[in-house]
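Here's a quick tour of a few spots worth a look. Have the sequence and the model open side by side as you read.

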Amino acid sequence: MLKHFRNYASAGLIGSLIGLVTFPLLTRNLSVDAYGWLGLVSVTVTVFIGIGKLGMQTAMLRFFGEARAQGERQLADLMGTMAGATLLLAGASLVLWLLYTAFVVPLLPDGQTAVPLFYVAAALVPIKVVFSIASSVLKADQRSGVLGTLTIIEKALKLSFIVLIVTALGVSSEKVMASTVVVELITLLLVLYLGRQYLRDAQPHLSRSKMKPLIAFGLPAMTAELITVLLETGDRYVVQAYLGSVELGHYSAAVNICLYLEFVLILSLQSAIVPHYVKLFEERGREATLAFLNTTLRYYFAVALGIFAVFSATAPVLLILLAGERYEPGVVVIIWFAAGFVALGSVSIAAAGIYIDKRTRALVRWGAVAFVVNITLNVLLVPVFGLIAAGISTFVALSIQCLGVYREGYRTLPVAPPLATVGVCLIAALAALLAATSVQQGYGLGDLFAVGTVSTLTYVVVLLTLSGQLRSDFIGYLRGRLGAA
């Protein structure tokens, strides 16, 4: 599992570093409101992709191993059913996007100016639907190295196209979106080529008997994913409606910095761990799986809260350094999003019982609660308190979602919450944030280095001083590495 997590996280980290080069090219060459609209279109695309997939990519993660164990014929039948469903879903998602662009977008505040951008993004929706389902085959087969390499290639291509646009073609949000469409199409062709062995004997078709269990599992998962996406999208519409396009740009830049944390930490962990513990449960049973999850959750919080402290200290400096001081109003939301993402990352471990039992309706239930809480708090608080209210609202909603999902998963696999470890890690994280504040003088490169170094060292020293168990584990790890060397 660590190998696959390393592959996904390494690709995510490299991709994020490439993205950090792309970030200032966009924020410094587009107007703040144009950047805000570009971000709003991007997250709206994510919503339509979530609807368009119908949860088929999640169903693939659960049913791929089962079909392969039954023989090549069963696997080919599953692939054919998936291929037929994917083509149908891609077409339907494109139609929905075009209808939304024609009839809904013009009704938004200043929406008429964004209609051309939405039309350019139309091709992105079916491409990403097919890509997500096709790449889930490689993910189910635990080909993390291949997927990691593909992620890096995609980010590098996006950077190359952005540089071309900025230096030669003249920058605009429509041109940036068009380049994204081209890159995503190239990436889709690559993943289809890499997965050709699974599609060789597959004949696209729609079998009712085969589709029924896939939809029964995938539809609740799709709803849960969609609600999660809406949870991260709805607040942008509220900010745009109450505070305007410029404040939306400030907010989008800060949230986009935080999304690198989600990409490296949460998505990498989920991609690696879910196929692993499903396989572990099938092969070795409940007790072995529970022992693995308890240990993993303890280590997760020890690492994740350290990342939270360092990220919360450095991300505001990084945002201003890359995007410029005109985006400074958005930094107030960073710490709240970082905290929410760290909490959300624990769900794939603590709520393993939901995935193993195929009770994805629980994800829908608590995702819906979180969405309602988030939108309600945003509508009530953003007009009064501004951007910081949007960040706090998201944190509160994500925390409620995590607690609810954990409670549901506990019924099958009672993963023990490592309260003592969390308490010690929180103390170390607060100490790291305070230490970082004392050394920061401004938003320069030297400040970024000083804040990052001080917060990291403070967290590690305080954590290992307060926790004998983690100190012992860390020393054992070092001895093992030195012995292997």
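## Ground rules and helix 6

Buried means under 20% relative accessible area, exposed means over 50%, and partly exposed is in between, using a 1.4 Å probe and protein chains only. This is a predicted model, where local features need pLDDT of at least 70, side-chain atom pairs count only at pLDDT 80 or more, and totals for chains, interfaces and linings use all residues. Residues are numbered from 1 along each chain as its sequence is written, and side-chain values use heavy atoms, with hydrogens and water left out.

Helices are DSSP runs of H or I with at least four residues, strands are E runs of at least two, and both are numbered from the N terminus. Helix 6 is mostly covered, with 16 of its 17 residues buried.

## Lys53

Lys53 is in helix 2 (residues 32–53), and it counts as buried because its relative accessibility is 6%. Leaving out residues up to four places away in sequence, Lys53 touches Leu89, Val129, Ser132, Ile133 and Glu225, where contact means heavy atoms within 4.5 Å.

With Ser132, the Lys53 side chain makes a side-chain polar contact at 3.3 Å. A polar contact is a pair of N or O atoms within 3.5 Å; within protein, one must be able to donate a hydrogen and the other to accept it, and residues adjacent in sequence count only if both atoms are side-chain atoms. The C-alpha atoms of Lys53 and Ala90 are 7.7 Å apart, although 37 residues separate them along the chain.

## Asn374

Over in helix 16 (residues 361–385) you'll find Asn374. Asn374 counts as buried because its relative accessibility is 0%. Its side chain reaches the backbone nitrogen of Thr394 at 3.3 Å. Beyond residues up to four places away in sequence, Asn374 touches Leu231, Asp235, Ser393, Thr394 and Ala397.

## Cysteines

How many disulfides (cysteine sulfur pairs within 2.5 Å) turn up in the whole structure? The search finds zero. Cys258 is in none, and the nearest cysteine sulfur, that of Cys402, is 16 Å away. For Cys402, that distance is too far for a bond. Cys258 is buried, with a relative accessible area of 0%, and Cys402 is buried too, at 8%.

Methods: A disulfide is a pair of cysteine sulfur atoms within 2.5 Å.
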